[in-house]
Amino acid sequence: MGKKKEEKVMDDKVDVDRDDGASWWLVQKGIGASFICIALFALLVRVAVSLHPYSGAGNPPKFGDYEAQRHWMEITLNLPVTEWYRNSTTNDLSYWGLDYPPLTAYQSYVHGLFLRFFDPESVSLFTSRGYESYLGKLLMRWTVLSSDALIFFPAVLYFVCVYYTSHNSSRRNDIVWHISMLLLNPCLILIDHGHFQYNCISLGLTVGAIAAVLSQKDLVASFLFTLALNHKQMSAYFAPAFFSHLLGKCLRCKSPLLEVIKLGLVVIGTFAVVWWPYLHSADDFFGVLSRLAPFERGLYEDYVANFWCTTSILIKWKRLFTVQSLKLVSFTATVLTCLPSVVQQVLAPSGKGFLYGLMNSSFSFYLFSFQVHEKSILLPLLPASLLALEEPRPFRWLTHHALFSMFPLLCRDKLILPYMAMYALFTLLYLTPGGRSRLKKTDHSSSIASIMISFLYLCSSILHIVYLTIRPPEKFPYLFEAMIMLMCFPQFALCAFYSNAKQWLLSKHSTVDKEKKLI
């Protein structure tokens with residue numbers, strides 16, 4: 001009996017030599033089959049969410065993000081590449097002008113070809129403004145679904161292979177649970193397949209870059225992350241973490257300068273290829289750059305749960321300071337708050353430290369940078385998802401408040417039903433055996449902390465009901481949005497502080513380990 005139990009325990013473990021191939025690991029341990037099953041279910045969930053309304057549905061004159069993406073497709077299809085970012089009689093930039101880097105424009109062009117093949121009227125530029133046919137909507141939803149399946153899903157598989165083949169021992173249940181947390185993230189699904197965006201592309205490229213860093217393929221990582229930057233400028237939230245980690249590794253090589261030059265050439269070369277149509281003219285180049293930094297929109301949008309918007313209840317930043325002053329102040333605050341994380345990775349680069357660094361730098365940008373939107377919480381949530389097995393409780397806490405912070409936005413899009421369904425599904429998956437086992441191992445919270453957490457969950461539940469059932473006073477029409485913001489901001493700040501502390505503790509542990517080896 002004892003031997004059989006030991007054999008069963010060993011069978012439940014995934015013990016992998018670093019030298020074994022990822023494909024061998026997938027086949028021998030059955031992770032590949034599990035990934036396919038979860039991926040198929042995740043696709044079905046995305047399809048179900050996409051059956052609901054989207055941003056700006058039937059809401060003229062400007063509609064919403066769905067119309068913006070459709071308009072970009074017709075702009076890129078019907079105008080020369082040098083005209084895509086230029087204001088003209090055929091390209092009115094005040095009506096959803098392109099404001100993302102060139103890779104997004106190329107993606108819009110490819111998707112536009114797909115739409116034009118099946119429904120030419122949907123991308124006819126001069127006659128299609130606000131176009132909302134059933135076929136057009138079906139095709140638009142398909143472009144997001146295919147992008148997810150072709151970019152984000154393979155990137156997650158790459159990460160899982162790299163992350164767990166480098167671990168000495170991980171339970172199969174834990175790995176399967178982690179895959180489900182990554183592929184069934186409720187925030188990403190609701191924003192991309194409900195609200196309507198293509199975050200799966202830039203986040204997928206970022207996950208691929210992270211996996212490449214962890215597998216010591218730094219040149220590949222630089223290439224993939226540069227592509228992510230050129231798809232959405234918000235990917236810069238992760239730039240300090242990539243820069244500091246790769247620099248720290250270069251400084252430990254025999255020829256640091258040569259390594260830095262190689263990485264620099266990959267980054268510059270990738271930028272040059274992506275931006276090539278705009279490098280022939282200074283006017284074209286700076287015209288695109290000006291579109292990527294919309295400072296005229298102000299310090300923040302709506303009621304985003306970051307420092308500037310939350311403190312604006314007491315300090316009217318927009319009234320008291322000029323845009324130029326606010327740009328400087330927000331830049332300084334962002335740099336100072338991500339500096340500790342950057343320094344730690346330059347001094348002691350490590351795989352786990354890199355993941356915490358990604359979370360810390362993205363939080364710094366979300367909390368303190370200029371022009372932040374509610375949807376930007378997806379960026380800190382990504383590294384938190386990658387660390388879900390290490391930090392299950394903070395991951396759940398952050399996911400809960402990330403969803404909650406976007407609740408008013410999703411309500412405006414009439415996505416209440418998928419919001420509730422996705423939250424319920426996330427909770428059920430989180431509490432499956434893999435999640436429960438990790439919770440037991442990491443449960444160090446006191447009874448007072450547990451009571452506080454339960455109280456905050458209760459408050460957010462009540463606020464959900466209040467938001468849906470009670471009309472705010474006419475004098476304060478955005479009272480409930482402000483209350484949600486005030487509840488979420490401290491939690492995000494707490495998560496950022498916790499993550500920074502965890503990253504610096506890694507340095508302490510590595511120092512202790514070195515001293516033990518010397519003894």
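Here are legends for a handful of close-up views of this structure.

**Before you look.** This is a predicted model, so to speak of local features a pLDDT of at least 70 is needed, side-chain atom pairs count only at pLDDT 80 or more, and totals for chains, interfaces and linings use all residues. Residues are numbered from 1 along each chain as its sequence is written, and side-chain values use heavy atoms, with hydrogens and water left out.

View 1. Helices here are DSSP runs of H or I with at least four residues, numbered from the N terminus. In the loop between α3 (31-50) and α4 sits P61, and a cis peptide bond with omega of about 10 degrees joins P60 to P61. Now move to the loop between α4 and α5, where you'll find W96. W96 isn't a glycine, yet its phi is positive, about 50 degrees.

**View 2. Helix α4 meets helix α5.** The axes of α4 (residues 65-78) and α5 come within 7 Å and cross at roughly 90 degrees; axes are lines fitted to C-alpha atoms over the stretch in contact, and angles run from 0 to 180 degrees between N-to-C directions. That makes α4 roughly perpendicular to α5, a label for angles of 65 to 115 degrees. On the α4 side, W72, M73, T76 and L77 make the contact (heavy atoms within 4.5 Å), and their partners in α5 include Y109, H111 and L115. The contact residues divide into seven nonpolar, five polar and one charged. Here Ala, Val, Leu, Ile, Met, Phe, Trp, Tyr, Cys and Pro count as nonpolar, Asp, Glu, Lys and Arg as charged, and the others, Gly among them, as polar.

**View 3. Helix α5 against helix α6.** The axes of α5 (residues 102-118) and α6 (residues 134-165) come within 10 Å and cross at roughly 145 degrees. This crossing is right-handed, meaning the near helix is turned clockwise from the far one by less than a right angle. From α5, look for H111, F114, L115 and F118; they meet L135, L139, M140, W142, T143 and S147 in α6. By class, that's seven nonpolar, three polar and no charged residues.

**View 4. Helix α9 alongside helix α17.** Helix α9 (residues 199-214) and α17 pack at an angle of about 155 degrees, with their axes 10 Å apart. They are therefore roughly antiparallel to each other, the label for angles over 145 degrees. The α9 residues I210, V213 and L214 meet G351, F354, L355 and L358 in α17. Six of the contact residues are nonpolar, one is polar and none is charged.

**View 5. The largest cavity.** The whole structure holds three cavities of 30 Å³ or more. On a 1 Å grid over the protein atoms alone, a cavity is a set of points where a 1.4 Å probe fits but cannot get out, and lining residues have an atom within 4 Å of a point. The largest cavity has about 80 Å³ of space, counted as the space filled by probe spheres set on grid points joined across faces, edges and corners. Its lining includes F152, N185, L203 and S385, and helix α18 (residues 378-386) gives the largest share, four residues.

**View 6. The second largest cavity.** This one has a volume of about 70 Å³. Among its lining residues are Y356, E391, F395 and Y498. Helix α19 gives the most, three residues. The lining divides into eight nonpolar, one polar and one charged.

Methods
Helices (H or I, at least four residues) and strands (E, at least two) are DSSP runs, numbered from the N terminus. Angles under 35 degrees count as roughly parallel, over 145 as roughly antiparallel, 65 to 115 as roughly perpendicular and the rest as oblique. On a 1 Å grid over the protein atoms alone, a cavity is a set of points where a 1.4 Å probe fits but cannot get out, and a pocket is an open set with protein on both sides within 12 Å along at least five of seven lines; lining residues have an atom within 4 Å of a point.
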